[in-house]
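Welcome! Take a moment to look over the protein shown here, and then we will walk through how its parts meet.

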Amino acid sequence: MDTIYIRGGRRLEGEIPIHGAKNSALPLLAATLLARGVSEIHNCPHLSDVEASMSILRLLGCRVERQENTVTVDASVVCCDSIPDELMREMRSSIVFLGAVVARCGQANLTYPGGCELGPRPIDLHLAALRRLGVTVEEEYGHIRCRVERCLQGADITLAFPSVGATENVLLAACTAQGVTVLHNAAREPEIDDLCLFLNACGAKIRRLADGALHIVGVPRLHGAICRVMPDRIEAATYLAAAAVTGGAVTLRDCNRLHLAAILPVFEESGCHIEAASDAICIQAPTRLRRLGTIRTMPYPGFPTDAGAPLVAAACVAQGTSVFVEGIFENRYKYVDELARLGASVCVDGRVAVVEGVSALQAAPVTCTDLRGGAALVVAALAAHGETAITGLQHLDRGYDGLTDCLRKVGALVRRENG
Ligand code: UD1
């Protein structure tokens, strides 16, 4: 069991290059299954979730290779339409393979991804949308069996909620369906646009309508293509929070400020000076942050739920009271008990967390409860007096490529040890 040790209180200074986005890389890898040929995904982060996606592709019959940050997938031959339970459980977002497998094979056998650390994660919207496209779905004892009788048929679909995963599954299933699909109330996250860009490069005909709906004209088949994974906006938000709690001056390279439009003003409100160019963001933080105000997480372009936890950690050492209202998931505050071990004062009532900033945090042994909760512990540890030991790193490894190297680069006293 690995442990990360962080000795807090060091001012972070320097540059951090931002990696490719996990939440874009995963659907892009699923999309390569549709392309009858070779695709290259550049800027693909080194993450356990990406490894799990590569394992799924191999199991389905694809040839998959990684060279540094480029993953090459040859999906000329796909010989399997089932994903075993271990892989479905290893990565909840493996559900994004459903649309791709159904479209490529005409059927799919998966197991139900079940709940997760953030509370129940239903897939009713995914399944209802696929049924509209002509998929017969049978659910039995945790198994999902999908079949297409003749061919997928384009349809007019309205999502009750702009689910990111359901939008991705509709895109994957609809681009080779017969006829036109219009997906109303589709998710608007930039990762969705990244997926559309790649699918269109593969020969799909997808466009975003003025009201945000996605218009997909089905084409007979897709070919391989090359794409570059967009920068990870949540990784960027995490390192901004890390700089902010240490009174630091950090430049993030290779990031897109437009994707951070809901996040940057929160740092500015708390007293940080931000300068943003098209692909770099500089943050200069005051010795102590002011309160972060009230933050409500919501679908894009609102404040992203995944950036909530690292900002809660920043609020823990700010002057005054900050309030977080979680608008997406039911149970996103499990990590708060771990923050309390470091001396944070956070009161949770359902989807609301009230954070009373304290003047100092104290090091303690803590465990990651989930990916972004783990990021909150890292941010808090950077601000704490003494050396914090963080375990449960399998969560952080899902979403932060080279975490300790990135932090060390800007002066943090951090090390990772085995056993
Ligand atoms: C994706 C992101 C995740 C992010 C989330 C919201 C990936 C791999 N993961 O997750 O990091 O936190 O978007 O921005 O991209 N829901 C239903 N029924 C459904 C589908 C969703 O009720 O069929 C609910 C969920 O329980 C949740 C909300 O809708 O409360 C949002 O889920 P969704 O947008 O689908 O998130 P994911 O795609 O799972």
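This is a predicted model: local features need pLDDT of at least 70, side-chain atom pairs count only at pLDDT 80 or more; totals for chains, interfaces and linings use all residues.

The rule finds 2 salt bridges across the interface of domain 1 and domain 2.

**The two domains**
- Domain 1 is made of two stretches, 3-19 + 231-417, while domain 2 covers 22-228.
- Taken over C-alpha atoms, the centres of domain 1 and domain 2 are separated by 30 Å.
- Where the two touch, 24 residues come from domain 1 and 19 residues from domain 2.

**The buried area**
- Between them, domain 1 and domain 2 bury about 1,800 Å², and 54% of that lies on carbon and sulfur atoms.
- Look for Tyr300, Arg398 and Asp401 on the domain 1 side: they supply 30% of the area that domain 1 buries against domain 2, more than any other three residues.

**Polar contacts and the domain 1 side**
- Two elements, α12 (371-383) and α13 (393-397), each give two or more residues to the side of domain 1 that touches domain 2.
- Of the elements, α13 gives the most to that side, with 3 residues.
- Sorted by class, the side of domain 1 that touches domain 2 has 11 charged, 7 polar and 6 nonpolar residues.

Definitions and conventions. Residues are numbered from 1 along each chain as its sequence is written. Side-chain values use heavy atoms; hydrogens and water are left out. Domain bounds come from an automatic or database domain assignment. Contact means heavy atoms within 4.5 Å. Buried area is the accessible area (1.4 Å probe) that two parts lose on being put together, summed over both. A salt bridge is a side-chain nitrogen of Lys or Arg within 4 Å of a carboxyl oxygen of Asp or Glu. Helices (H or I, at least four residues) and strands (E, at least two) are DSSP runs, numbered from the N terminus. Ala, Val, Leu, Ile, Met, Phe, Trp, Tyr, Cys and Pro count as nonpolar, Asp, Glu, Lys and Arg as charged, and the others, Gly among them, as polar.
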